[in-house]
Amino acid sequence: MKKLGTKCELIGVVIVLLLAAVGFALFAWYTMRPTDTIGTIATISFGLVLSALIGIVLILDTAATTRWRRFWVDLLFAALMLTLIDYFFLDTTAPWQMLVAGAGVALAIVALLAIRKIDE
């Protein structure tokens, strides 16, 4: 992945992350249909936190110097995002089979993305 260096590129990434946060929050609101203030705040914070996790993994992914470091950083943040999504949408009563399936999909995607060549 190319290093983010110019101010214009960083502003573009921030704008895309803010749009993603709005999209995630709208999706969470549409699927959960909160009726109280706390539920509405939870859907907004879900979108913001998920977008922030994606932004952090983008920054750390560009700073990775080896493929193994990229793999472990991506795996850690994929697990965090999977946990956030699972807890928000399915609560803590989700069957373990869904968690294992989600972890397997995340592991496969992270492994495929980790074999990319590191740009110097």
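Student: What should I know about the model before we start?

Tutor: It is predicted, so local features need pLDDT of at least 70 and side-chain atom pairs count only at pLDDT 80 or more, while totals for chains, interfaces and linings use all residues. Residues are numbered from 1 along each chain as its sequence is written, and side-chain values use heavy atoms, with hydrogens and water left out.

Student: How do you know at what angle α1 and α2 cross?

Tutor: Axes are lines fitted to C-alpha atoms, for helices over the stretch in contact, and angles run from 0 to 180 degrees between N-to-C directions. On that basis α1 (residues 7–32) and α2 (residues 37–63) cross at roughly 145°, their axes coming within 7 Å.

Student: Which residues make that contact?

Tutor: Contact means heavy atoms within 4.5 Å. Among those involved are L17, F24 and W29 of α1 and I44, L48 and L58 of α2.

Student: How many of the contact residues are nonpolar, polar or charged?

Tutor: Ala, Val, Leu, Ile, Met, Phe, Trp, Tyr, Cys and Pro count as nonpolar, Asp, Glu, Lys and Arg as charged, and the others, Gly among them, as polar. The contact divides into 15 nonpolar, four polar and no charged residues.

Student: Which residues does L75 touch beyond its sequence neighbours?

Tutor: L75, in helix α3 (residues 67–90), is in contact with L107 and V110, leaving aside neighbours within four places in sequence. L75 and L107 are 32 residues apart in sequence, yet 6.7 Å apart in space, C-alpha to C-alpha.

Student: What does the record say about residues 38–59?

Tutor: The unreviewed UniProt entry annotates them as one of its "transmembrane region" spans, though annotations may be inferred rather than shown by experiment. In the model this span is 100% helix and 0% strand, with end C-alpha atoms 31 Å apart.

Student: What about residues 96–115?

Tutor: That stretch, also annotated "transmembrane region" in the UniProt entry, is 95% helix and 0% strand, and its end C-alpha atoms are 29 Å apart.

How values were computed. Helices (H or I, at least four residues) and strands (E, at least two) are DSSP runs, numbered from the N terminus.
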